[in-house]
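Morning, everyone. Let me put the model up and then walk through helix packing and charged pairs.

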Amino acid sequence: MKTNNKLKELFENQEDWDFEIPNEGHEKRFIDKLRKQKSKKKRNKWLPLSIAASLLLGFGFFYMNYAPKEIQEVTFSPQVQETHDYFSSIIRSELDQLKKKQSKQNEEIINDALIQMEVLEKDYQKLKEEIGKNGENKQILYAMITNMQTRISFIKSVLEQVEDINKINNIEDEKHS
């Protein structure tokens, strides 16, 4: 009922309404403005589509050239698999220790070490691919073991550096206390 009352009040106060007739040519100017707006909208519709198509082509090019190729799963002989598992568990354990010791003082060293570990891991994956293509041979197996030993030694040396940094920081903290 209240809504009906407001509507009645609106239509009762017709004195406030604008009854003036627009100038001559008003309709033509209005139609011209509408046509200009429509033509602008048509041009703008293609802009997002062309940007999206360019991005899609760019990502496609990047993926085709730089994305990692699928690595077929390599099956090792039981002895090689056992060695692989042994070294992999040591590497994971050492990496976990390294990540746990990360602080603001040693963050840069640890991040650099993780980048180097990724490089060594990529080398290891190439060796696995080689075994997948050519089968196990002593040279490749020796290179794989050397790669894993290098990673373990590298992580241990970084852990020692982190320990040294932590000791130095502790000594400096004690001096300032």
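First, a definition: axes are lines fitted to C-alpha atoms, for helices over the stretch in contact, with angles from 0 to 180 degrees between N-to-C directions. Helices are DSSP runs (H or I, at least four residues), numbered from the N terminus. This is a predicted model: local features need pLDDT of at least 70, side-chain atom pairs count only at pLDDT 80 or more, and totals for chains, interfaces and linings use all residues. Residues are numbered from 1 along each chain as its sequence is written, and side-chain values use heavy atoms, leaving out hydrogens and water.

Start with α3 (residues 78-100) and α4 (residues 107-134). Their axes come within 11 Å and cross at roughly 165 degrees. That makes α3 roughly antiparallel to α4 (angles over 145 degrees). Contact here means heavy atoms within 4.5 Å. From α3, H84, I91, L95, L98 and K99 meet I110, A113, L114, M117 and Y124 of α4.

Now salt bridges: a side-chain nitrogen of Lys or Arg within 4 Å of a carboxyl oxygen of Asp or Glu. How many does the structure hold? Three. E121 pairs with R151, closest N and O atoms 2.4 Å apart. E121 lies in α4 and R151 in α5, so this bridge ties together parts 30 residues apart in sequence. R151 is buried, at 4% relative accessible area (buried is under 20%, exposed over 50%, partly exposed in between, with a 1.4 Å probe and protein chains only). E121 is partly exposed, at 30%.

Next, E163 bridges to K101, at 2.2 Å between the closest N and O atoms. E163 sits in α5 (residues 138-176), K101 in the loop between α3 and α4, 62 residues apart.

Conventions
Helices (H or I, at least four residues) and strands (E, at least two) are DSSP runs, numbered from the N terminus. Angles under 35 degrees count as roughly parallel, over 145 as roughly antiparallel, 65 to 115 as roughly perpendicular and the rest as oblique.
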